[in-house]
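User: I'm new to this one and would like to learn how to read it. Could you walk me through a few features?

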Amino acid sequence: MSSNHRAISSDQDLGSHKGHQADLDAQFRCGGSRKYEEWVLRLMGLDGSAPEVWTGDDHFAVSLTESPYELEALLRALGTRRWMTAGFCWPWSAPKEDDGLVADMRVGDWARPWNVKGDRVVGNAPASALWASAPGGSEQVGCIYTAQGYECDWNGVIFGPDLVYRDGKLVTVRYTTFTWPDVLSPEPG
């Protein structure tokens, strides 16, 4: 969040209301790691600086894996408060007629379903709102929207064809993504 975002509370004079200014210049979903925030901005070319190698932070870890299998194994070894997420580079199908989820997330021969779309349980998978907190949710990949607001100890991110390395920098490829209305399309029946 940029330094110009602010919250108002009770000490600042706002006409007949009192409040005080509180700058909201940190991302607490990244463990409050300013170093990580700055690294991501450089990595994505969003602050005008060249990308740098991640050198670590005492309270925050970043690592790469070679495959989704390796990512999944790493996350399982780290405990139960861990999730895998991805952007919209794969379709998000309605459940099958037998009430199973479609393994739309495919990278090579690895495949997993997205979290459930909607408010109902599908097989052992919890409803969308409970994806990251109920048993069975960690067997699905969470989308960027259903993952927002959840606290977890570890998160694995799968990058798809919407983010590529080209000419020495990361570049977004927007035409490879699905849109939020596509994802929210009603389930059949």
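**Reading helices and ring pairs**

Analyst: Let's start with one detail: phenylalanine 88 and tryptophan 114 are both buried. Buried means under 20% relative accessible area, exposed means over 50%, and partly exposed is in between, using a 1.4 Å probe and protein chains only. This is a predicted model, where local features need pLDDT of at least 70 and side-chain atom pairs count only at pLDDT 80 or more, while totals for chains, interfaces and linings use all residues. Residues are numbered from 1 along each chain as its sequence is written, and side-chain values use heavy atoms, with hydrogens and water left out.

User: How many helices and strands are there in the protein?

Analyst: Helices (H or I, at least four residues) and strands (E, at least two) are DSSP runs, numbered from the N terminus. Here you'll find 3 helices and 9 strands. As for burial, 30% of the 189 residues are buried.

User: Which residues are buried in helix H2?

Analyst: A bit of background: an α-helix has 3.6 residues a turn, so residues three or four places apart point the same way. In H2, which spans residues 68-77, the buried ones are Pro68, Leu71, Glu72 and Leu75. Looking down the axis of H2, these buried residues fall within an arc of 95°, so they line one face of the helix. That arc is taken from the directions from the helix axis to the C-beta atoms.

User: What covers the buried residues of H2?

Analyst: Contact means heavy atoms within 4.5 Å. The cover includes strands E3 (82-86), E4 (105-107), E5 (110-112) and E7 (154-158). After H2 comes glycine 79, with a positive phi near 125°.

User: How many aromatic pairs are there?

Analyst: Rings of Phe, Tyr and Trp (its six-membered ring) pair if their centres lie within 6.5 Å; planes under 30 degrees apart are stacked, over 60 edge-to-face, and the rest tilted. That rule gives 7 aromatic pairs. In one of them, tyrosine 36 and tryptophan 39 have ring centres 6.0 Å apart and planes at 35°, so the pair is tilted. Tyrosine 36 is partly exposed at 21% relative accessibility, whereas tryptophan 39 is buried at 13%. Ring pairs also link Tyr36, Trp39 and Trp54 into a cluster.

User: And what about the pair you opened with?

Analyst: Phenylalanine 88 and tryptophan 114 have ring centres 5.9 Å apart and planes at 55°, so that pair is tilted. Phenylalanine 88 sits in the loop between E3 and E4, and tryptophan 114 in the loop between E5 and strand E6 (142-143), so the pair ties together parts 26 residues apart in sequence.
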